[in-house]
Amino acid sequence: MLVTNIMPHPLGASSTAPTGEQRLRFDAASGEFRPYTRVARYVRTIPFEWLKRANRLPGSASAVATALWFLSGVKKSSTFRLTAEAVDLAGCSRKPLYRALAALEQAGLVGVQRRRGARPIITILRPDIPAGAGETPRPKG
């Protein structure tokens, strides 16, 4: 539950709350409202071979691939609807994003379910990558 309380923010105004207001979250364990703090956002672990294949694709495919893995972590699913946040995270406009999606799909890294008049549904695929693929043998000694 998220409520707004009229009291000055201890760290000053933030971009997510109006000036002079602090965002609070209800803590069920203590039964009290506590200040809401934003949690840092991280990209979940991306399989190296998957990322290596995405990085070899043209254009902004690697930026789009990283944004898709981030959204997959946020949604906690490998299948999710493409959002405007993906365009923002990838740092490219809509047309390069769709070209990158087509390249990722052609490479077998994502599945794209396109629907007329609606945003596509993306599925991050984990193609069978043989163990040790792309590894350089280390010299013994």
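Modeller: Phe 26 is partly exposed, with a relative accessible area of 36%, where partly exposed lies between buried, under 20% relative accessible area, and exposed, over 50%, with a 1.4 Å probe and protein chains only. Phe 33 is likewise partly exposed, at 43%. Please keep in mind that this is a predicted model, in which local features need pLDDT of at least 70 and side-chain atom pairs count only at pLDDT 80 or more, while totals for chains, interfaces and linings use all residues. Residues are numbered from 1 along each chain as its sequence is written, and side-chain values use heavy atoms, with hydrogens and water left out.

The structure holds two aromatic pairs. One of them is formed by Phe 26 and Phe 33, which are edge-to-face at 5.2 Å centre to centre with 65 degrees between the planes; rings of Phe, Tyr and Trp (its six-membered ring) pair if their centres lie within 6.5 Å, and planes under 30 degrees apart count as stacked, over 60 as edge-to-face and the rest as tilted. Trp 50 and Trp 69 also form an edge-to-face pair, because their ring centres are 5.4 Å apart and their planes stand at 85 degrees. This pair links distant parts of the chain, with Trp 50 in helix α1 (residues 48-55) and Trp 69 in helix α2 (residues 61-75), 19 residues apart; helices here are DSSP runs of H or I with at least four residues, strands are runs of E with at least two, and both are numbered from the N terminus. Trp 50 counts as buried at 1% relative accessibility, and Trp 69 is buried as well, at 2%.

The axes of α2 and helix α4 (residues 94-106) come within 9 Å and cross at roughly 85 degrees, axes being lines fitted to C-alpha atoms, for helices over the stretch in contact, with angles from 0 to 180 degrees between N-to-C directions. The two helices are therefore roughly perpendicular to each other, a term for angles of 65 to 115 degrees. On the α2 side the contact (heavy atoms within 4.5 Å) is made by Ala 61, Val 64, Ala 65 and Leu 68, and on the α4 side by Leu 97, Ala 100, Leu 101 and Leu 104. By class, this contact has eight nonpolar, no polar and no charged residues.

Note on methods:
Parallel < 35°, antiparallel > 145°, perpendicular 65-115°, else oblique. Nonpolar A, V, L, I, M, F, W, Y, C, P; charged D, E, K, R; others polar.
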